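Trainee: I'd like to take a close look at one part of this model with you. Could you walk me through it and how it sits against the rest?

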Amino acid sequence: MNQYETVFILTPVLSDVQMKEAADKFVNYLTENGAEIINTESWGLKALAYPIQKKGSGFYCMVEYKAEPTVIAKLELQMRRDERILRYLTVKNEKYAAAYAEKRRNQKKEA
């Protein structure tokens, strides 16, 4: 299993409940397909660097998980089909990136 990190931007017209629902949908999808969720973060509403679909802001969410590579293609297909997702990016973490992410999580817990 490889460690991955997916960041996605949800459309800003969603309510807080709808935003949480959309984020939970993808976390549940990962767990149903055998992924191990390490961490989830909601970064909230932030301005975009450039307009996407005529929207200037979006809700940012990040999910760290361990999964098989075949799960990633299925997850990204689900994200492409969901109209609430403006953009997404999945990155495979190498051992140094995984160590840094763990260090960042621990610092956040202490603060």
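Which residues are exposed on the other side of α2?

Mentor: On that side of α2, the exposed residues are Thr 70, Arg 80 and Arg 81. Keep in mind that this is a predicted model. Helix α2 runs over residues 69-81, and its buried residues are Val 71, Ile 72, Leu 75, Glu 76 and Met 79. Looking down the axis of α2, you'd see those buried residues fall within an arc of 130 degrees, so they line one face of the helix. As for what lies over them, the cover includes β1, α1, β3 and β4.

Just past the helix there's a contact worth a look. Asp 82 makes a salt bridge with Lys 25, with 3.2 Å between the closest N and O atoms. Lys 25 belongs to helix α1, while Asp 82 is in the loop between α2 and β4, so the pair links distant parts of the chain, 57 residues apart. Asp 82 is buried, at 8% relative accessible area, whereas Lys 25 is partly exposed at 36%.

β1 and β3 belong to an open sheet of four strands, ordered β2-β3-β1-β4 with antiparallel pairing. The edges are β2 and β4, and each has a single partner strand, so one side of each has no neighbour in the sheet. From one strand to the next, the twist averages 20 degrees. β1 (residues 2-10) and β3 (residues 55-67) pair over nine bridges, and Val 7 has Met 62 in β3 as its bridge partner.

In α3, the buried residues are Ala 98, Ala 101 and Arg 105, and they span an arc of only 60 degrees around the axis, which puts them on the same side of α3. Their cover includes β1, β2, β3 and β4. On the other side of α3, Lys 95, Tyr 96, Tyr 100, Lys 103 and Glu 110 are exposed.

Glu 64 lies in β3 and Arg 105 in α3, so the pair ties together parts 41 residues apart in sequence. Glu 64 is buried at 0% relative accessible area, and Arg 105 counts as buried at 14%. Salt bridges with shared partners join Glu 41, Glu 64, Arg 104 and Arg 105 into one network.

Terms used
Residues numbered from 1 in each chain as written. Predicted model: local features only at pLDDT ≥ 70, side-chain atom pairs only at ≥ 80, totals over all residues. Heavy atoms only, no water. Pairing = 2+ DSSP bridges. Helix = DSSP H or I, 4+ residues; strand = E, 2+ residues; numbered from the N terminus. Axes fitted to C-alpha atoms, helices over the stretch in contact; angles between N-to-C directions. Buried < 20%, exposed > 50% of the residue type's maximum accessible area, 1.4 Å probe, protein only. Arc of directions from axis to C-beta. Contact = heavy atoms within 4.5 Å. Salt bridge = Lys/Arg side-chain N within 4 Å of Asp/Glu carboxyl O.
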